[in-house]
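Student: I have a structure to look through and would like to go over it step by step. Can we start once it is on the screen?

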Amino acid sequence: MQKINDMQKTDKINGLQEELTALIAAVRTETNAKKKRKLIEQIGQYNRRIDKLKSGRILSRETKRDLVAYSFIAPNFIGFCVFTLIPIIFAFALGFMKWDGSNPIEWAGIQNFTRLVDDTFFKAALKNTIIYCVGTVPLTMVASLALAIVLNQKVIGRGIFRTLSFFPYVASLVAITAVWKMLFHPSKGPVNSILYNTFHIPAEQLPQWFSGGLVMLSMILFSVWKYMGYYMVIYLAGLQGISYELYEAASLDGANTWEKFRYVTWPQLSSTTFFVVVMLTINCFKVYDIAIMLAGGGSGELTTSATVLVYYIYQKAFIDWDLGYSSAVAMVLFVMVLIVTIIQFAGQAKKERA
Amino acid sequence: MKSAHKKAVIGKVVIYAILILIAVVMVIPFLWMLSASIKSDREVFQMNPFVWIPENPKWSNYADIWTKIPFGRFVANTVYLTIVVTFLQLLTSSFAAYSFAKLHFRHRNTLFLAYIATIAMPWQVYMVPQFIMMRRMGLNDKLLAIICLQAFSAFGVFMMKQFYEGIPDDLCEAARIDGMSEYRIYAKIMLPLSKPALSTLTIFTFVATWNDYLGPLIYLKSQEKKTIQLGLKMFISQYSSDYGLIMAGSVLSLIPVLIVFLVLQKYFVEGVASTGLKG
């Protein structure tokens, strides 16, 4: 029995070997590059099959190698697939549906998107998100760059200062906004008492930081304060990548501090700045908790003066259970982020070509 | 020569003035928080003159917060969530990243593309379908939901892969020739070398999970499942004028994150720089 098996195997190997020789001959004469590549691929497959038969292993070396690699990826990839990829696909579909989460799903077509056009609350949310973004991005960028430049000098206690400026970033929003709301409390807060006592601003004119027209300004200032430390670290990494020789050359040319910044630091940091601006913009689009904590009422609801896109997604889904419409709003957020990401890719491609 | 020296001195003075200003702006809210946490509600807003430490520090604020709300329960939930998520994130990300960075296999680029395509996708875009799916799986109001949500991020894999690509291939090659299996190479060579990246990822994951608000808000409905952030927010809306207590709770909620950050921060700048987070 064993012998017959062995004979069959040798026959099979010989057969394969013959086909392989024919293939090799075909490759030699083939002129079409595309066909040639295909043939070479086939040769590889034959080689592997023969190898497998000869060694008698069930798995070829390549398959084994692939299995090891997949075993490394699997724990993360399975979780990632189930909890991220599938919901993302589901989100795109849901934008065209009408569903309240319990009754059967209905097809809605583009109805959800046409509703957006006449929705004043949505328009307010979109407008506020963009205002917040336009205010926060340049201010945070300038503040974090300035901070990084100062903390890149040889100064005493540099490490302590770097650590301190990172505190707001790691501090929880709930806790730190509670402090801000007390510091800027309209009637009792120390900021307004200083305005009242030192600058003699009448009590009725004291700013109401967290309602009405000032709320966006407060949100912007707060997020600059909270996030500048994080972007400072990115700028520090960028600054440390600039060659010291460039500054020496500039010194020899008689450049002053400002000129060194203008002609060495700033151009050398252009890719870091680009990255910072893209990250900041995307993060601004996603703002939610800052608005809720600073401007939300007791149960966390927002009025049109402080509402933002993510809040509207949340409200439409988990309060009104209008899931299709909520996903349509989410698609608007997605398109905004997508545009910024495309700009980033285009920018990177341009940089690589240059 | 003398004027150059004078200029340098002025420059130093300006820099230190800026530094002190920064320190004040960054630190005052935290000092105010500490100070208010040992004051009575009446004293919190008595600002004339600036009294940082009240005559009779009200240390009882720190004791009362544990009884007014189930603060211990909230802390336990958050500690559990944060530790499990951080551990899973570090383990699975570095595992997958090793494969993407150092092994050759079929469909590598296709699989990695799936990660890249979603890295810029805000969670807020798909949080609704994700919630519906988790509810179907019976995870609504379970801590496990938050673990599933936070533990497998594209960001972690991407970051670790960037770092591993900076480690020379020869190192793995030599180990392979010595007959080490891929698992041993990962455990004995790559992991010990990736301290900066692991520290950076730990800070990011720990901070994000500890401070997360929207995730727990959507999933964790019952009182005994709430995290520290939800609990603190609930306390603030219920006892909005107990300023001293609110501040005591806030201080307590900050301590673990600050400890983790201070322990790991020496690797942080290096980690950010070497993992290409700057693009």
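Student: Which domains does the domain assignment give for chain B?

Tutor: Keep in mind that this is a predicted model. The bounds come from a domain assignment. For chain B, the assignment gives domain 1 (2-60) and domain 2 (62-274).

Student: How are α3(B) and α14(B) oriented to each other?

Tutor: The axes of helix α3 (residues 60-68) of chain B and helix α14 (residues 243-264) of chain B come within 9 Å and cross at roughly 90°. Angles of 65 to 115 degrees count as roughly perpendicular. The helices α3(B) and α14(B) are therefore roughly perpendicular.

Student: Which residues of α14(B) make the contact with α3(B)?

Tutor: The residues of this contact divide into five nonpolar, three polar and two charged. From α3(B) come Asn61(B), Tyr62(B), Asp64(B), Ile65(B) and Lys68(B). From α14(B) come Gly244(B), Leu245(B), Ala248(B), Gly249(B) and Leu252(B).

Student: Why do α13(B) and α14(B) count as roughly antiparallel?

Tutor: The axes of helix α13 (residues 228-238) of chain B and α14(B) come within 10 Å. An angle over 145 degrees counts as roughly antiparallel. The two axes cross at roughly 170°, so α13(B) and α14(B) are roughly antiparallel.

Student: How many residues in the contact of α13(B) with α14(B) are charged?

Tutor: On one side are Ile228(B), Leu232(B), Phe235(B) and Ile236(B) of α13(B), and on the other Ile246(B), Gly249(B), Ser250(B) and Ser253(B) of α14(B). Five of the residues are nonpolar and three polar.

Student: Moving to chain A, what is the distance between the C-alpha centres of its domain 1 and domain 2?

Tutor: Chain A is divided into domain 1 (2-58) and domain 2 (111-353). Their C-alpha centres lie apart by 62 Å.

Student: In which handedness of crossing does α14(A) pass α15(A)?

Tutor: Helix α14 (residues 309-319) of chain A and helix α15 (residues 323-353) of chain A pack at about 165°, with axes 8 Å apart. They are therefore roughly antiparallel. The crossing is left-handed.

Student: Which helix of chain A gives the most to the side that touches chain B?

Tutor: The contact between the chains takes 72 residues from chain A and 72 residues from chain B. On the side of chain A, these divide into 50 nonpolar, 17 polar and five charged. The most, 20 residues, comes from helix α3 (residues 61-94) of chain A.

Student: Which element of chain B has the lowest mean pLDDT?

Tutor: Chain B averages a pLDDT of 86, and 95% of the residues score at least 70. The highest mean among its elements, 93, belongs to helix α4 (residues 71-102) of chain B. The lowest, 70, belongs to helix α15 (residues 268-274) of chain B.

Methods
Residues are numbered from 1 along each chain as its sequence is written. Chains are lettered from A and ligands numbered from 1 in the order in which they are written. This is a predicted model: local features need pLDDT of at least 70, side-chain atom pairs count only at pLDDT 80 or more; totals for chains, interfaces and linings use all residues. Two residues are in contact if their C-beta atoms, placed from the backbone, lie within 7 Å. Helices (H or I, at least four residues) and strands (E, at least two) are DSSP runs, numbered from the N terminus. Ala, Val, Leu, Ile, Met, Phe, Trp, Tyr, Cys and Pro count as nonpolar, Asp, Glu, Lys and Arg as charged, and the others, Gly among them, as polar. Axes are lines fitted to C-alpha atoms, for helices over the stretch in contact, and angles run from 0 to 180 degrees between N-to-C directions. Angles under 35 degrees count as roughly parallel, over 145 as roughly antiparallel, 65 to 115 as roughly perpendicular and the rest as oblique. A crossing is left-handed if the near helix is turned anticlockwise from the far one by less than a right angle, and right-handed if clockwise. pLDDT is the predictor's confidence in each residue, from 0 to 100.
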